[in-house]
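Student: Could you walk me through this structure? I would like to begin with a single residue and then move on to the whole protein.

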Amino acid sequence: MSESVYKALADVTRRRILKLLGERSMTAGEIAEQFQLAKSTLSGHFNVLKAANLIQEERRGTVILYSLNV
């Protein structure tokens with residue numbers, strides 16, 4: 001496993017995001033509803049997860065759909 005994967009998994013919030021995405025793909029807004037964090041903070045978590053290649057995003061118009069990268 002790469003260092004970026006360990007960094008991504010070291011944070012409880014990112015592990016919770018992965019668990020949510022393990023159930024189904026979700027929009028950024030749907031994920032944000034599960035946390036009491038600023039959207040900019042969640043965006044940072046998404047960037048770390050994407051850098052570790054653990055999640056992928058798909059833009060659908062103005063919405064971004066996140067899913068696990070399996």
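Student: Is M1 buried or exposed?

Tutor: This is a predicted model. In it, M1 is exposed, because its relative accessible area is 71% and the cut-off for exposed is over 50%.

Student: Where is M1 found?

Tutor: M1 is in the segment before α1, the helix that covers residues 3-9.

Student: Which residues is M1 in contact with?

Tutor: Leaving aside neighbours within four places in sequence, M1 is in contact with Y6 and L9.

Student: What separates the C-alpha atoms of M1 and V63?

Tutor: Those C-alpha atoms are 31 Å apart, and the two residues are separated by 62 residues along the chain.

Student: Which residues does T13 touch?

Tutor: Not counting residues up to four places away in sequence, T13 touches F35, L37, L42 and H45.

Student: Now the whole protein. How many helices and strands are there?

Tutor: The protein has 4 helices and 3 strands. Along the sequence they follow the pattern α-α-β-α-α-β-β. The radius of gyration is 11 Å, close to the 11 Å that the globule rule gives for 70 residues, so the protein is as compact as a globular protein of that length.

Student: What does the C-alpha trace span along its principal axes?

Tutor: The C-alpha trace spans about 35 × 25 × 20 Å. Of the 70 residues, 33% count as buried.

Student: In what order do the strands form the sheet?

Tutor: The 3 strands form an open sheet in the order β1-β3-β2, with antiparallel pairing. The edge strands are β1 (26-27) and β2 (55-60), each of which pairs on one side only.

Student: How many bridges are there between β2 and β3?

Tutor: Strand β2 and strand β3 (residues 63-68) pair over 6 bridges in the antiparallel sense. R60 stands opposite V63 in β3.

Student: What holds paired strands of a sheet together in general?

Tutor: Strands of a sheet pair through backbone hydrogen bonds, either parallel or antiparallel.

Student: One last topic, charge. How many positive and negative side chains are there?

Tutor: There are 10 positive and 7 negative side chains, and the centres of the two sets lie 2 Å apart. As for the surface, the protein exposes about 4,600 Å², and carbon and sulfur atoms supply 49% of that area.

How values were computed
Residues are numbered from 1 along each chain as its sequence is written. This is a predicted model: local features need pLDDT of at least 70, side-chain atom pairs count only at pLDDT 80 or more; totals for chains, interfaces and linings use all residues. Side-chain values use heavy atoms; hydrogens and water are left out. Helices (H or I, at least four residues) and strands (E, at least two) are DSSP runs, numbered from the N terminus. The radius of gyration is taken over C-alpha atoms; the globule rule is 2.2 Å times the number of residues to the power 0.38. Buried means under 20% relative accessible area, exposed over 50%, partly exposed in between (1.4 Å probe, protein chains only). Accessible areas come from the Shrake-Rupley method with a 1.4 Å probe; for residues, only the protein chains shown count as cover. Lys and Arg count as positive and Asp and Glu as negative; His and the chain ends are not counted. The place of a charge is taken as NZ of Lys, CZ of Arg, CG of Asp or CD of Glu. Contact means heavy atoms within 4.5 Å. Two strands pair if DSSP finds at least two bridges between them.
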